[in-house]
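Subject: Handing over a structure, with notes on what was found

Dear colleague,

I am passing the structure below on to you, and the notes that follow it are meant for someone who has not seen it before. Please look it over first and then read on.

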Amino acid sequence: MNYLFEAFQKAFGLIIHFDRELAVVVWTSLRVSLMATLLASLVGVPLGFFIASSRFRGKRQLEIVLNTSMALPTVVIGLVVYSFISRRGPLGVYGLLFTPTAMIIGQFILATPIITALSLSATKSVDVRVGETARTLGATAVQAAGATIGEARYAILVAIAAGFGRVIAEVGSAMILGGNIEGYTRTMTTAIALETGKGEFSLAIALGLVLLLIALMVNAMVQSFRLKRAS
């Protein structure tokens, strides 16, 4: 057990002294995941509102597909995107493979169904009279939609936080699409996998602690938004 104690001791030392390698890995993870979440939110929130507020054939089936997509395996997403952006793929000419952009694409695909499905549910929970009242008072369709989304804002923030939580902790697509290149595409999860395989537990434990702290913060925000929604 001595090696484990020493590994934790070194891990805390890396965090306290803000080790450069640790900082680069954490920053890469946050940069990629935040950008993917932002793009997924720009697509998922309006799409969720549109589906919830519209009537069309196949709506229920689409909702089932969305809910199923929330559990998409990350390695499958990585494989599909890889097949498109690899050198022999249709988008290979753009040289996206093993870049942060490729990782953002993969995480965007993972986060969008989650944010869309939860935004859809959030919109459904809003009293329909909110939009109707806004239109009665002379609001445009966009303004009425804004009023509805405003009422569901805390639930939508929960959806966005859930999407971020999903992508910050994924490893499959990040490893396949990013290549785990040091200082460029190495994220917390891929670095943990690499360092553990090498037997270098101190950095892996330090990154694991940081990842747990981020997960705790995300869950705290989600809980806060839920309490505000209920109040």
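A nonpolar core, as the term is used here, is a set of buried Ala, Val, Leu, Ile, Met, Phe, Trp, Tyr and Cys residues joined through side-chain atoms within 4.5 Å, where buried means under 20% relative accessible area, exposed means over 50%, and partly exposed lies in between (1.4 Å probe, protein chains only). This is a predicted model, in which local features need pLDDT of at least 70 and side-chain atom pairs count only at pLDDT 80 or more, while totals for chains, interfaces and linings use all residues. Residues are numbered from 1 along each chain as its sequence is written, and side-chain values use heavy atoms, with hydrogens and water left out.

First, the overall picture. The protein has 11 helices and 0 strands, both kinds of element being DSSP runs numbered from the N terminus (helices are H or I with at least four residues, strands are E with at least two). The C-alpha atoms fill a box of roughly 70 × 50 × 25 Å along the principal axes. Of the 231 residues, 42% are buried, and the accessible surface comes to about 13,100 Å², with 66% of it belonging to carbon and sulfur atoms; accessible areas come from the Shrake-Rupley method with a 1.4 Å probe, and for residues only the protein chains shown count as cover. If one takes the contacts (heavy atoms within 4.5 Å) between residues at least 6 apart in sequence, 76% of them join residues at least 24 apart.

Next, the interior. In soluble globular proteins, nonpolar side chains tend to be buried together. The largest nonpolar core in this model has 21 residues, and those with the most contacts inside it are L22, V26, I168, M188, L207, I214 and V218. At least two residues of this core are supplied by each of α1 (2-16), α2 (20-53), α8 (153-168), α10 (188-198) and α11 (201-230), and the largest share, 10 residues, comes from α11. Apart from this core lies another one of 18 residues, which includes V45, V81, A152 and I156. Returning to V218, its contacts, not counting residues up to four places away in sequence, are with A161 and F164.

L203 is also found in helix α11 and is buried, with a relative accessible area of 8%. Leaving aside neighbours within four places in sequence, L203 is in contact with L14, E21, L22 and E195, whereas its C-alpha atom is separated by 23 Å from that of F164, a residue 39 places away along the chain.

How many salt bridges are there? The count comes to 2, taking a salt bridge as a side-chain nitrogen of Lys or Arg within 4 Å of a carboxyl oxygen of Asp or Glu. One is formed by E63 and K124, whose closest N and O atoms are 3.0 Å apart. Because E63 lies in helix α3 (residues 59-69) and K124 in helix α5 (residues 100-124), the pair ties together parts that are 61 residues apart in sequence. E63 is buried at 17% relative accessible area, while K124 counts as partly exposed at 45%. Apart from residues up to four places away in sequence, E63 touches I51, L120 and K124.

The other salt bridge joins the side chains of K198 and E195, at 3.5 Å from N to O. Both residues lie in helix α10, 3 residues apart, which is about one turn of the helix. K198 is exposed, with a relative accessible area of 52%, but E195 is buried at 5%. The buried residues of α10 are M188, T189, T190, A191 and E195, and just after this helix G199 takes a positive phi of about 85 degrees.

Finally, the surface. A nonpolar patch is formed by M35, L38, L39, L42, V43, L47, F50, F56, L62 and V65, with about 840 Å² of accessible area together; patches are made of residues with over 30% relative accessible area and no salt bridge, with like charges joined within 9 Å and nonpolar side chains (Val, Leu, Ile, Met, Phe, Trp, Tyr) within 5 Å. The elements giving two or more residues to this patch are α2 and α3, and the largest share, 7 residues, comes from α2. M35, one of the patch residues, has its place in helix α2 and is partly exposed, with a relative accessible area of 37%.

With best wishes
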